[in-house]
Amino acid sequence: MHLLDWVVIAGYFVVMIAIGVWAHRQVSNAADYFTAGGKMPWWLAGISHHMSGYSAVVFVAYAGVAYDQGIVSYVVFMFPLAVATGIGAFLFAPKWNRLRSRYDIASPLEYLAARFNVPTQQVLAWSGSLLKIFDVAAKWSAVALLLDKFVGVPLVWGVIITAGVTLLYCTAGGLWADALTELGQFVIQGLAAFAMLVAVGSALSARGLNYLDFWGALPEGHTDPTTSEYPMYFVIVYILVKTFEYNGGMWNLAQRYLATPSSTQARNTALLSSFLYLVWPIVLMLPMFAAPLLVEVEKSQDVYAQMALDFLPAGLLGLVLVGVFSHTMAMAASDANAISAVMTRDVLPNVWKRAKNFTDQQALRTGRYLTVIFVLLSVIIAINAENLGGVLSIIVTWVGALIGPISIPMMLGMLRPFRHVGPTTALISWGGGLLSYALTKYAWHLNDAITVVTPVLVSLVLFVGIGAVLRDAPAAAEEITEKLARDADPAEPSRA
């Protein structure tokens, strides 16, 4: 890369750290650190929600699918996010906000102790935290693969550099730092994406093509919305999976709803994010769809980096690399914040008696320590990602499959139609989903589509079916689901 590219990258990292330092001054207590004090405007929360929802995986794994199979990479992996978040705008987003305003929670799992019981809360907290370590590790690995392709930085150092900068600003400023850096990252990524569009458009023009007519020149099947590997039923169930995941199953996204001042703003947050998921990935992925006409690569995961190297001038190449960094850093930082909230608010008080009596400053300091630990663990796993099946395997067949069993009790537990479902059912639903995953992937060796859809369907059937029979919900479940179904009366106390 040219010196100008390095200047762009260095400038980006300096700005991210500066934002973290500024945000540090805005954080005076644990509520500020974990939920921005409930003061984040909906438009900022919406952009943050969107930027926190996907990472450099788009430019590695999904770019590889686009190169090999075409538009299915958008239809299968990105379009479901728009649909799922749109559903959540009305079904879940306002309820998350009401949980904060009515029960003063700062962690997405905090309400589960009362809604089900403490053991259920702890099982979901520990299993979800472990899964997110692997999820973030895959993100570090994806951006390190790109860094290796762009400038030859070894994977280990690529992971360490990206995680190190992220750690500096997210531990300093908490959710405020996450959201503000994500806003800056969204702008930078926009500049990078349009630069790539123009460069690839010019390359197509040199071959007598443009973005309107190149589709007919693509290899056979590249304009098919589904394939034998990713059939229509996979898309439908993937929407179901993402409805749970992107509306709170990924705890960091629930925090964006918690951070807004009202339930109406939480709904607007989800609607904005849904619109961005519908439109913005098309802008990012158009060059990837055209890639088979322009470049040849040995590994399809290298296609986006190769196109940038071939077609972008000095300065813009660094900008594109910064845009790739931005997605990964946004998602990883918000995940780290969410995990530290869960461990500080939900786990530590139940395993360490002293934590129950933490002052607000002690809780804030503990949250920062746990953020560091989470990032370090994910870095260790990222360095060994290829030994775990690679980036796409971790994201799709691990996280995509297992997030459903973990999130179904947490999400459906907020809804009044399931107010009778209690802790026994919740744990059976969780355990049944994980068992079905182990059977389909490791015992029966079924394909990825079946491996992903089976756990969420099994968990859902168990939660609804067994819950209808046992009806063992604690007394608090009726009150909680009723309070989450509507906004508080102005004369009613804010906390039950």
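**Close-up views of a predicted model**

View 1. Val 156 is located in helix H10, which spans residues 155-205. With a relative accessibility of 34%, Val 156 counts as partly exposed.

**View 2. The largest nonpolar core and the surroundings of Trp 140.** This core comprises 150 residues, of which Trp 96 and Trp 140 touch the most other members. Helix H15 (residues 316-351) contributes the largest share, 15 residues. Leaving aside residues up to four places away in sequence, Trp 140 touches residues including Val 159, Thr 166, Thr 328, Val 375 and Ala 382. A second, separate core has 8 residues, among them Met 40, Leu 44, Trp 176 and Ala 259.

**View 3. The aromatic pair of Phe 77 and Tyr 230.** The model contains 15 aromatic pairs. In this one the ring centres of Phe 77 and Tyr 230 are 5.3 Å apart and the planes stand at 75 degrees, so the pair is edge-to-face. Because Phe 77 lies in helix H5 (residues 72-77) and Tyr 230 in the loop between H10 and helix H11 (232-249), the pair ties together parts 153 residues apart in sequence. Phe 77 is buried at 1% relative accessibility, and Tyr 230 is buried at 3%.

**View 4. The aromatic pair of Trp 215 and Phe 289.** The ring centres lie 5.9 Å apart with planes at 50 degrees, so the pair is tilted. Trp 215, in the loop between H10 and H11, and Phe 289, in helix H13 (residues 263-290), are 74 residues apart. Trp 215 is partly exposed, with 29% relative accessible area, whereas Phe 289 is buried, with 5%.

Notes
Residues numbered from 1 in each chain as written. Predicted model: local features only at pLDDT ≥ 70, side-chain atom pairs only at ≥ 80, totals over all residues. Heavy atoms only, no water. Helix = DSSP H or I, 4+ residues; strand = E, 2+ residues; numbered from the N terminus. Buried < 20%, exposed > 50% of the residue type's maximum accessible area, 1.4 Å probe, protein only. Core = buried A, V, L, I, M, F, W, Y, C linked by side-chain atoms within 4.5 Å. Contact = heavy atoms within 4.5 Å. Phe/Tyr/Trp six-rings, centres within 6.5 Å; stacked < 30°, edge-to-face > 60°.
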